[in-house]
Amino acid sequence: MQRKIIIDTDPGQDDAVAILLALASPDELDVLGITAVAGNVPLALTQKNARIVCELAGRPDVPVFAGCDRPLKRALVTAEHVHGKTGLDGPVLPDPLMPLQDAHAVEFIIQTLRREPAESVTLCPLGPLTNIATAMQAAPEIVPRIAQIVLMGGAYFEVGNITPAAEFNIHVDPEAAEIVFGSGVPLTVMPLDVTHKALVTQARNAAFRGLGTRVGVAVAEMTDFFERFDKAKYGSDGAPLHDPCVTAFLLRPDLFSGRHVNVEIETEGRFTAGMTVADWWGVTGRAPNAMFMGDLDADGFFALLTERLGRL
């Protein structure tokens, strides 16, 4: 059965791959719209990049909406040092021809959740949670109508990637994350603990390039670009594909394993703002609020990704 989803994103090369995987899977996923948020790069670029990716996939019919251009209470932190000045550095892709929708992303999220049957729409945030939290605050009645939120963000055993304690998406807007994690909506979280196991090795990237398609080559060029940063940082055999874990979970949840635990968001720590405090060992007695993933079948993940990208 087709699952209705909204992708909330700040593209980012790995966001782009997550979007491509969703658009390559129309039998399973009905992408109602893509909402852009400021994160990896400013909003003017993330909304543009989302449209570039839709056109790369041959799907200019998918509506793209611009959302919040800054976190709820903080100055925006961006990640051009990872993703390049455009956010999609690597391949040379044309500017989009498809229009940006007039409505604000938050309004689109609210109206879609009001219109669609209750618990029929899954939200898929791939960046900071500003748009999602803003929608929840503006229209609290939509919260129980959300079927599920599957998001990329946070870390526990892998600690942080933008500070010693925090993963980038949560660090950018911890107040928004606190609202979402406290909302009561069923949450599935793809933290660094699992995404750091989705490594694009040379052989896996060669498989993307070997598809011989515009999409396959573009994805290979994207991962060629940002792996220089991650390989130097982590000393790993390749760069982690963080955000495609969200889409892959929707398609093949059997590839992932984790625990249903309590996760609280640190908003005040001097050194730990944006930390996801995951009660992995169940020591606090706090009620679980998130399925916090810890492992995946990496070979199965890349087999799925390569096969689906080959359809575009």
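The model is predicted.

The sheet is open and consists of eight strands, arranged in the order β3-β2-β1-β4-β5-β6-β12-β9, with mixed pairing. From one strand to the next, the twist averages 25°.

Within this sheet, strand β1 (residues 3-9) pairs with strand β2 (residues 29-36) in the parallel sense, and seven bridges connect the two. In this pairing, I5 has V31 of β2 as its bridge partner, and T9 stands opposite A36 of β2. Strand β2 is largely enclosed by the rest of the structure, because seven of its eight residues are buried.

Helix α7 is mostly covered, with six of its eight residues buried. These buried residues are P174, E175, A176, A177, V180 and F181. They pack against the strands β5, β6, β10 (263-265) and β12, and also against the helices α5 and α6 (168-172).

Helix α5 (residues 130-138) likewise contributes buried residues, namely T130, N131, I132, A133, A135 and M136. The surroundings of these residues comprise both strands and helices: they pack against β1, β2, β4 and β5, as well as against α4 (105-115) and α7.

A further helix, α11 (residues 244-251), lies across β1, β2, β4 (121-125), β5, β6, β9 and β12. Helix α11 runs at about 140° to β5. Helix α11 also packs with helix α12 (residues 298-309), at an angle of about 90° and with the two axes 11 Å apart. Angles of 65 to 115 degrees count as roughly perpendicular, and α11 and α12 are therefore roughly perpendicular to each other. On the side of α11, the contact is made by P244, C245, A248 and L251, while α12 supplies F301, L304 and R308. The residues of this contact divide into six nonpolar, no polar and one charged.

Another helix pair is formed by α1 (residues 13-23) and α2 (residues 43-56), which pack at an angle of about 40° with their axes 10 Å apart. An angle under 35 degrees would count as roughly parallel, whereas 65 to 115 degrees would count as roughly perpendicular; α1 and α2 are therefore oblique to each other. The crossing of these two helices is right-handed. In their contact, A16, I19, L20 and L23 of α1 meet V53, C54 and L56 of α2. The residues of the contact between α1 and α2 divide into seven nonpolar, no polar and no charged.

Notes. Residues numbered from 1 in each chain as written. Predicted model: local features only at pLDDT ≥ 70, side-chain atom pairs only at ≥ 80, totals over all residues. Heavy atoms only, no water. Pairing = 2+ DSSP bridges. Helix = DSSP H or I, 4+ residues; strand = E, 2+ residues; numbered from the N terminus. Axes fitted to C-alpha atoms, helices over the stretch in contact; angles between N-to-C directions. Contact = heavy atoms within 4.5 Å. Parallel < 35°, antiparallel > 145°, perpendicular 65-115°, else oblique. Left-handed = near helix turned anticlockwise from the far one by under 90°. Nonpolar A, V, L, I, M, F, W, Y, C, P; charged D, E, K, R; others polar. Buried < 20%, exposed > 50% of the residue type's maximum accessible area, 1.4 Å probe, protein only.
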